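Let's take a friendly walk through a protein model. Keep the picture open while you read.

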Amino acid sequence: FFIPLSERIQMNQTSSKTSSRAFSKKSLADIVISAMMLALALAIKGVSELIPFSNLPYGGSITIILVPLCLVGLLCGPIWGTVVPILFSVFNFLWDGVSTWTPNTNAVIITLFLDYIIAFGVCGLSSLFRKPFFKKKAWAPLVAVLVCGLLRLVSHFFSGVIVWNNIWDYEGPVNMDWSKGGITYSLVYNTSYMIPTIILSLIVIAFLMKPLYTLFSMPLFQSLKPKSLRDEKEEADTLPSYRILSYIFGTIFALSDILSMIPQLKMNYLGYFVMPLSLASLVYEIYSVIKMKKESKKIQLVDILMIVVFGLLLTLSIIGIISRYTYGASFYVVVGE
(Lines give C-alpha, C1' and ligand atoms only; values in the text may rest on other atoms or scores of the structure.)
Protein backbone atom coordinates (compact mmCIF):
# COMPACT_ATOMS: atom_id res chain seq x y z
CA PHE A 1 0.00 0.00 0.00
CA PHE A 2 2.87 2.36 0.81
CA ILE A 3 4.75 1.58 -2.43
CA PRO A 4 4.79 4.65 -4.70
CA LEU A 5 2.46 4.57 -7.68
CA SER A 6 5.31 4.81 -10.21
CA GLU A 7 7.05 1.77 -8.67
CA ARG A 8 3.82 -0.20 -8.64
CA ILE A 9 3.25 0.54 -12.33
CA GLN A 10 6.82 -0.54 -13.11
CA MET A 11 6.38 -3.76 -11.10
CA ASN A 12 3.13 -4.55 -12.93
CA GLN A 13 4.79 -3.92 -16.29
CA THR A 14 7.71 -6.20 -15.33
CA SER A 15 5.32 -8.90 -14.13
CA SER A 16 3.28 -8.56 -17.33
CA LYS A 17 6.39 -8.91 -19.50
CA THR A 18 7.54 -11.96 -17.51
CA SER A 19 4.18 -13.72 -17.82
CA SER A 20 3.98 -12.79 -21.52
CA ARG A 21 7.47 -14.22 -22.10
CA ALA A 22 6.55 -17.42 -20.22
CA PHE A 23 3.35 -17.74 -22.28
CA SER A 24 5.32 -17.30 -25.52
CA LYS A 25 7.81 -19.98 -24.47
CA LYS A 26 5.00 -22.42 -23.64
CA SER A 27 3.19 -21.68 -26.91
CA LEU A 28 6.38 -22.30 -28.88
CA ALA A 29 7.04 -25.50 -26.92
CA ASP A 30 3.45 -26.68 -27.53
CA ILE A 31 3.78 -26.10 -31.28
CA VAL A 32 7.19 -27.80 -31.52
CA ILE A 33 6.20 -30.87 -29.47
CA SER A 34 2.82 -31.19 -31.21
CA ALA A 35 4.38 -30.98 -34.67
CA MET A 36 7.00 -33.57 -33.70
CA MET A 37 4.41 -36.00 -32.32
CA LEU A 38 2.12 -35.58 -35.34
CA ALA A 39 5.04 -36.22 -37.70
CA LEU A 40 6.08 -39.25 -35.65
CA ALA A 41 2.53 -40.65 -35.69
CA LEU A 42 2.35 -40.28 -39.48
CA ALA A 43 5.77 -41.91 -39.82
CA ILE A 44 4.61 -44.86 -37.71
CA LYS A 45 1.51 -45.12 -39.90
CA GLY A 46 3.70 -45.18 -43.01
CA VAL A 47 6.03 -47.85 -41.63
CA SER A 48 3.09 -50.02 -40.51
CA GLU A 49 1.82 -50.03 -44.11
CA LEU A 50 5.04 -51.83 -45.10
CA ILE A 51 4.51 -54.61 -42.53
CA PRO A 52 1.91 -57.02 -44.00
CA PHE A 53 1.01 -58.96 -40.85
CA SER A 54 0.33 -55.76 -38.88
CA ASN A 55 -2.59 -54.72 -41.12
CA LEU A 56 -6.00 -56.37 -41.04
CA PRO A 57 -7.93 -56.91 -44.31
CA TYR A 58 -10.89 -54.63 -43.46
CA GLY A 59 -9.05 -51.85 -41.63
CA GLY A 60 -7.15 -51.60 -38.37
CA SER A 61 -3.47 -52.22 -37.75
CA ILE A 62 -1.10 -53.20 -34.94
CA THR A 63 1.06 -50.14 -34.27
CA ILE A 64 2.42 -47.93 -31.47
CA ILE A 65 0.41 -44.89 -32.64
CA LEU A 66 -0.95 -44.50 -29.10
CA VAL A 67 2.49 -43.50 -27.81
CA PRO A 68 3.03 -40.19 -29.68
CA LEU A 69 -0.67 -39.29 -29.56
CA CYS A 70 -0.89 -39.79 -25.78
CA LEU A 71 2.41 -37.99 -25.21
CA VAL A 72 0.95 -34.82 -26.75
CA GLY A 73 -1.75 -34.73 -24.08
CA LEU A 74 0.70 -35.57 -21.30
CA LEU A 75 3.17 -32.89 -22.36
CA CYS A 76 1.04 -30.12 -23.86
CA GLY A 77 -2.35 -30.40 -22.18
CA PRO A 78 -5.94 -31.08 -23.32
CA ILE A 79 -6.20 -28.59 -26.21
CA TRP A 80 -3.14 -29.70 -28.20
CA GLY A 81 -3.65 -33.22 -26.86
CA THR A 82 -7.01 -33.36 -28.64
CA VAL A 83 -6.23 -31.28 -31.75
CA VAL A 84 -3.19 -33.34 -32.80
CA PRO A 85 -4.92 -36.77 -32.64
CA ILE A 86 -7.91 -35.36 -34.56
CA LEU A 87 -5.57 -33.93 -37.23
CA PHE A 88 -3.88 -37.32 -37.42
CA SER A 89 -7.28 -39.04 -37.72
CA VAL A 90 -8.20 -36.86 -40.74
CA PHE A 91 -4.86 -37.63 -42.45
CA ASN A 92 -5.34 -41.29 -41.58
CA PHE A 93 -8.89 -41.30 -43.00
CA LEU A 94 -7.71 -39.82 -46.30
CA TRP A 95 -4.70 -42.18 -46.35
CA ASP A 96 -6.88 -45.26 -45.90
CA GLY A 97 -9.28 -44.13 -48.65
CA VAL A 98 -12.36 -45.19 -46.70
CA SER A 99 -14.70 -43.42 -49.15
CA THR A 100 -13.70 -46.00 -51.80
CA TRP A 101 -14.67 -48.96 -49.63
CA THR A 102 -18.42 -48.37 -49.91
CA PRO A 103 -20.67 -46.06 -51.94
CA ASN A 104 -22.90 -45.48 -48.90
CA THR A 105 -22.37 -41.90 -47.68
CA ASN A 106 -23.92 -42.60 -44.26
CA ALA A 107 -21.48 -45.44 -43.64
CA VAL A 108 -18.52 -43.26 -44.64
CA ILE A 109 -19.59 -40.42 -42.32
CA ILE A 110 -20.18 -42.74 -39.34
CA THR A 111 -16.85 -44.43 -40.00
CA LEU A 112 -15.10 -41.05 -40.15
CA PHE A 113 -16.33 -40.20 -36.66
CA LEU A 114 -16.25 -43.57 -34.86
CA ASP A 115 -13.15 -45.14 -36.44
CA TYR A 116 -11.12 -41.96 -36.77
CA ILE A 117 -12.10 -38.65 -35.12
CA ILE A 118 -13.51 -40.10 -31.87
CA ALA A 119 -11.26 -43.18 -31.81
CA PHE A 120 -8.10 -41.08 -31.94
CA GLY A 121 -9.54 -37.93 -30.35
CA VAL A 122 -9.93 -39.77 -27.02
CA CYS A 123 -6.14 -39.64 -26.75
CA GLY A 124 -6.66 -36.08 -25.54
CA LEU A 125 -7.88 -37.59 -22.26
CA SER A 126 -4.27 -38.52 -21.53
CA SER A 127 -3.97 -34.89 -20.32
CA LEU A 128 -5.91 -35.97 -17.20
CA PHE A 129 -2.69 -37.66 -16.05
CA ARG A 130 -0.46 -34.68 -16.91
CA LYS A 131 0.23 -33.50 -13.36
CA PRO A 132 1.37 -36.91 -12.00
CA PHE A 133 3.34 -37.38 -15.23
CA PHE A 134 5.34 -34.21 -14.56
CA LYS A 135 5.72 -35.36 -10.94
CA LYS A 136 7.49 -38.37 -12.46
CA LYS A 137 4.94 -40.91 -11.27
CA ALA A 138 5.63 -44.09 -13.20
CA TRP A 139 2.00 -45.16 -13.36
CA ALA A 140 0.79 -41.97 -15.09
CA PRO A 141 1.92 -42.62 -18.71
CA LEU A 142 1.09 -46.33 -18.42
CA VAL A 143 -2.47 -45.67 -17.22
CA ALA A 144 -2.89 -42.89 -19.81
CA VAL A 145 -1.99 -45.23 -22.68
CA LEU A 146 -4.14 -48.04 -21.26
CA VAL A 147 -7.23 -45.84 -20.76
CA CYS A 148 -6.94 -44.19 -24.18
CA GLY A 149 -6.37 -47.57 -25.84
CA LEU A 150 -9.46 -49.09 -24.21
CA LEU A 151 -11.61 -46.08 -25.12
CA ARG A 152 -10.37 -46.32 -28.69
CA LEU A 153 -11.36 -49.99 -28.68
CA VAL A 154 -14.88 -49.05 -27.50
CA SER A 155 -15.25 -46.55 -30.36
CA HIS A 156 -14.10 -49.12 -32.93
CA PHE A 157 -16.49 -51.67 -31.41
CA PHE A 158 -19.51 -49.41 -31.93
CA SER A 159 -18.37 -48.73 -35.49
CA GLY A 160 -18.25 -52.48 -36.09
CA VAL A 161 -21.76 -53.00 -34.76
CA ILE A 162 -23.24 -49.98 -36.56
CA VAL A 163 -21.37 -50.05 -39.88
CA TRP A 164 -19.09 -52.97 -40.63
CA ASN A 165 -21.38 -55.92 -39.88
CA ASN A 166 -23.44 -55.14 -42.99
CA ILE A 167 -21.03 -53.06 -45.02
CA TRP A 168 -21.36 -55.16 -48.19
CA ASP A 169 -25.18 -54.89 -48.24
CA TYR A 170 -25.44 -51.14 -47.90
CA GLU A 171 -27.70 -49.39 -50.38
CA GLY A 172 -29.66 -47.19 -48.02
CA PRO A 173 -29.89 -46.35 -44.30
CA VAL A 174 -27.41 -47.75 -41.79
CA ASN A 175 -28.86 -50.69 -39.85
CA MET A 176 -27.22 -51.52 -36.53
CA ASP A 177 -26.62 -55.20 -35.83
CA TRP A 178 -26.97 -55.83 -32.10
CA SER A 179 -27.44 -59.57 -32.57
CA LYS A 180 -25.15 -61.99 -30.78
CA GLY A 181 -23.27 -62.63 -34.02
CA GLY A 182 -22.91 -58.92 -34.76
CA ILE A 183 -21.55 -58.11 -31.29
CA THR A 184 -19.18 -61.10 -31.36
CA TYR A 185 -17.86 -60.18 -34.81
CA SER A 186 -17.15 -56.57 -33.86
CA LEU A 187 -15.61 -57.48 -30.52
CA VAL A 188 -13.35 -60.20 -31.92
CA TYR A 189 -12.26 -58.21 -34.98
CA ASN A 190 -11.41 -55.01 -33.10
CA THR A 191 -9.73 -56.67 -30.11
CA SER A 192 -7.63 -58.66 -32.59
CA TYR A 193 -5.52 -55.59 -33.36
CA MET A 194 -6.26 -53.30 -30.41
CA ILE A 195 -5.01 -55.71 -27.72
CA PRO A 196 -1.57 -56.12 -29.39
CA THR A 197 -1.54 -52.35 -30.05
CA ILE A 198 -2.15 -51.58 -26.37
CA ILE A 199 0.44 -54.13 -25.23
CA LEU A 200 3.09 -52.81 -27.63
CA SER A 201 2.35 -49.21 -26.66
CA LEU A 202 2.63 -50.02 -22.94
CA ILE A 203 5.99 -51.70 -23.49
CA VAL A 204 7.33 -48.76 -25.54
CA ILE A 205 6.10 -46.08 -23.10
CA ALA A 206 7.60 -48.04 -20.19
CA PHE A 207 11.04 -47.97 -21.83
CA LEU A 208 10.64 -44.29 -22.79
CA MET A 209 9.96 -43.10 -19.23
CA LYS A 210 13.61 -42.77 -18.20
CA PRO A 211 14.63 -40.70 -21.27
CA LEU A 212 11.50 -38.55 -20.92
CA TYR A 213 12.15 -37.80 -17.24
CA THR A 214 15.72 -36.87 -18.15
CA LEU A 215 14.42 -34.35 -20.70
CA PHE A 216 12.27 -32.62 -18.06
CA SER A 217 15.29 -30.56 -16.99
CA MET A 218 15.54 -28.95 -20.44
CA PRO A 219 14.13 -25.39 -20.81
CA LEU A 220 11.73 -26.52 -23.55
CA PHE A 221 10.09 -29.06 -21.25
CA GLN A 222 10.28 -26.81 -18.19
CA SER A 223 7.95 -24.36 -19.93
CA LEU A 224 5.40 -27.16 -20.44
CA LYS A 225 5.01 -27.80 -16.71
CA PRO A 226 1.54 -27.15 -15.25
CA LYS A 227 1.45 -23.81 -13.41
CA SER A 228 0.82 -25.45 -10.05
CA LEU A 229 4.10 -27.43 -10.36
CA ARG A 230 6.46 -24.73 -11.64
CA ASP A 231 7.53 -23.54 -8.21
CA GLU A 232 7.78 -27.03 -6.72
CA LYS A 233 11.09 -28.74 -6.16
CA GLU A 234 12.12 -31.24 -8.83
CA GLU A 235 11.20 -34.75 -7.72
CA ALA A 236 13.44 -37.75 -8.10
CA ASP A 237 12.59 -40.32 -10.72
CA THR A 238 10.05 -42.87 -9.52
CA LEU A 239 10.52 -45.35 -12.30
CA PRO A 240 9.14 -48.85 -11.83
CA SER A 241 11.68 -51.60 -11.32
CA TYR A 242 12.02 -54.40 -13.84
CA ARG A 243 10.34 -56.73 -11.37
CA ILE A 244 7.20 -54.59 -11.22
CA LEU A 245 7.14 -54.34 -15.01
CA SER A 246 7.54 -58.12 -15.23
CA TYR A 247 4.38 -58.52 -13.11
CA ILE A 248 2.45 -56.11 -15.35
CA PHE A 249 3.56 -57.64 -18.64
CA GLY A 250 3.23 -61.17 -17.28
CA THR A 251 -0.42 -60.45 -16.49
CA ILE A 252 -1.01 -58.99 -19.98
CA PHE A 253 0.73 -61.95 -21.62
CA ALA A 254 -1.40 -64.37 -19.59
CA LEU A 255 -4.66 -62.70 -20.68
CA SER A 256 -3.50 -62.74 -24.31
CA ASP A 257 -2.58 -66.43 -24.06
CA ILE A 258 -6.02 -67.27 -22.67
CA LEU A 259 -7.71 -65.45 -25.56
CA SER A 260 -5.47 -67.21 -28.10
CA MET A 261 -6.42 -70.64 -26.74
CA ILE A 262 -10.20 -70.13 -27.08
CA PRO A 263 -11.00 -71.34 -30.64
CA GLN A 264 -14.41 -69.64 -30.71
CA LEU A 265 -12.69 -66.24 -30.62
CA LYS A 266 -10.38 -67.05 -33.55
CA MET A 267 -7.55 -65.08 -31.94
CA ASN A 268 -4.75 -67.64 -32.06
CA TYR A 269 -2.53 -65.00 -33.74
CA LEU A 270 -2.08 -63.48 -30.26
CA GLY A 271 0.12 -66.48 -29.57
CA TYR A 272 2.49 -65.35 -32.33
CA PHE A 273 2.64 -61.98 -30.65
CA VAL A 274 3.15 -63.20 -27.06
CA MET A 275 5.53 -66.08 -27.84
CA PRO A 276 8.67 -63.99 -28.68
CA LEU A 277 7.95 -61.58 -25.80
CA SER A 278 7.58 -64.45 -23.32
CA LEU A 279 10.73 -66.09 -24.69
CA ALA A 280 12.71 -62.84 -24.33
CA SER A 281 11.44 -62.39 -20.76
CA LEU A 282 12.30 -66.01 -19.90
CA VAL A 283 15.84 -65.64 -21.28
CA TYR A 284 16.34 -62.42 -19.31
CA GLU A 285 15.10 -64.02 -16.07
CA ILE A 286 17.48 -66.98 -16.51
CA TYR A 287 20.34 -64.59 -17.33
CA SER A 288 19.59 -62.54 -14.19
CA VAL A 289 19.66 -65.62 -11.95
CA ILE A 290 22.95 -66.84 -13.48
CA LYS A 291 24.46 -63.38 -13.03
CA MET A 292 23.36 -63.18 -9.38
CA LYS A 293 24.84 -66.61 -8.73
CA LYS A 294 28.19 -65.58 -10.25
CA GLU A 295 28.22 -62.42 -8.14
CA SER A 296 27.36 -64.47 -5.02
CA LYS A 297 24.14 -62.53 -4.55
CA LYS A 298 21.18 -64.07 -2.80
CA ILE A 299 18.64 -65.49 -5.26
CA GLN A 300 15.07 -64.71 -4.21
CA LEU A 301 12.20 -67.17 -4.51
CA VAL A 302 10.37 -64.69 -6.78
CA ASP A 303 13.25 -64.88 -9.29
CA ILE A 304 12.77 -68.64 -9.63
CA LEU A 305 8.98 -68.28 -9.76
CA MET A 306 9.17 -65.76 -12.60
CA ILE A 307 11.30 -68.20 -14.63
CA VAL A 308 8.52 -70.76 -14.17
CA VAL A 309 5.82 -68.18 -14.98
CA PHE A 310 7.39 -67.00 -18.24
CA GLY A 311 8.16 -70.60 -19.18
CA LEU A 312 4.46 -71.40 -18.66
CA LEU A 313 3.40 -68.33 -20.65
CA LEU A 314 5.68 -69.41 -23.50
CA THR A 315 4.08 -72.86 -23.47
CA LEU A 316 0.55 -71.40 -23.45
CA SER A 317 1.36 -69.12 -26.38
CA ILE A 318 2.52 -72.16 -28.38
CA ILE A 319 -0.71 -73.98 -27.48
CA GLY A 320 -2.64 -70.92 -28.67
CA ILE A 321 -0.77 -70.97 -31.99
CA ILE A 322 -1.35 -74.66 -32.68
CA SER A 323 -5.00 -74.52 -31.52
CA ARG A 324 -5.93 -73.46 -35.04
CA TYR A 325 -4.53 -76.70 -36.43
CA THR A 326 -5.53 -79.12 -33.62
CA TYR A 327 -8.42 -79.01 -31.17
CA GLY A 328 -9.86 -75.73 -32.54
CA ALA A 329 -9.45 -76.41 -36.27
CA SER A 330 -13.21 -76.65 -36.93
CA PHE A 331 -13.78 -73.09 -35.68
CA TYR A 332 -11.28 -71.68 -38.17
CA VAL A 333 -12.82 -73.35 -41.22
CA VAL A 334 -14.35 -70.71 -43.48
CA VAL A 335 -17.85 -71.54 -44.65
CA GLY A 336 -17.78 -72.46 -48.33
CA GLU A 337 -14.24 -73.84 -48.36
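Here is a short tour, from the overall layout down to single residues.

## Before we start

This is a predicted model, where local features need pLDDT of at least 70, side-chain atom pairs count only at pLDDT 80 or more, and totals for chains, interfaces and linings use all residues. Residues are numbered from 1 along each chain as its sequence is written, and side-chain values use heavy atoms, with hydrogens and water left out.

## The big picture

The protein has twelve helices and zero strands. (Helices are DSSP runs of H or I with at least four residues, strands are runs of E with at least two, and both are numbered from the N terminus.) Read from the N terminus, the order is simply α-α-α-α-α-α-α-α-α-α-α-α.

Out of 337 residues, 44% count as buried. Buried means under 20% relative accessible area, exposed means over 50%, and partly exposed is in between, using a 1.4 Å probe and protein chains only. The protein exposes about 18,100 Å², with carbon and sulfur atoms supplying 71% of that; the areas come from the Shrake-Rupley method with a 1.4 Å probe, and for residues only the protein chains shown count as cover. As for contacts (heavy atoms within 4.5 Å), take those between residues at least 6 apart in sequence: 77% of them join residues at least 24 apart.

Helix 2 (residues 66-76) packs on helix 6 (residues 139-162) at an angle of about 115 degrees, and their axes are 10 Å apart. Axes here are lines fitted to C-alpha atoms, for helices over the stretch in contact, and angles run from 0 to 180 degrees between N-to-C directions. On the helix 2 side you'll find L66, C70 and L74, which meet P141, A144, V145, C148, G149 and R152 in helix 6.

Now look for S126, in the loop between helix 4 (105-121) and helix 5 (130-134). S126 is buried, at a relative accessible area of 0%. Beyond its neighbours within four places in sequence, S126 touches C70, G73, L74, A144 and C148. A polar atom of the S126 side chain also sits 2.7 Å from the backbone oxygen of C123.

Helix 9 (residues 242-260) and helix 10 (residues 269-294) pack with their axes 10 Å apart, at an angle of about 150 degrees. That makes the pair roughly antiparallel, a label for angles over 145 degrees. Residues meeting across this pair include F253 and L259 from helix 9, and V274 and Y284 from helix 10.

In the loop between helix 9 and helix 10 sits L265. L265 is partly exposed, with a relative accessible area of 23%. Setting aside neighbours within four places in sequence, its contacts are V188 and L259. L265 and Y332 are 67 residues apart in sequence, yet 9.4 Å apart in space, C-alpha to C-alpha.

Leaving out neighbours within four places in sequence, K45 is in contact with I65, F88, N92, W95 and D96.

With D96, there's a side-chain polar contact of 2.8 Å. (A polar contact is a pair of N or O atoms within 3.5 Å; within protein, one must be able to donate a hydrogen and the other to accept it, and residues adjacent in sequence count only if both atoms are side-chain atoms.) K45 and W95 are 50 residues apart in sequence and 9.4 Å apart in space, C-alpha to C-alpha.

Notes. Angles under 35 degrees count as roughly parallel, over 145 as roughly antiparallel, 65 to 115 as roughly perpendicular and the rest as oblique.
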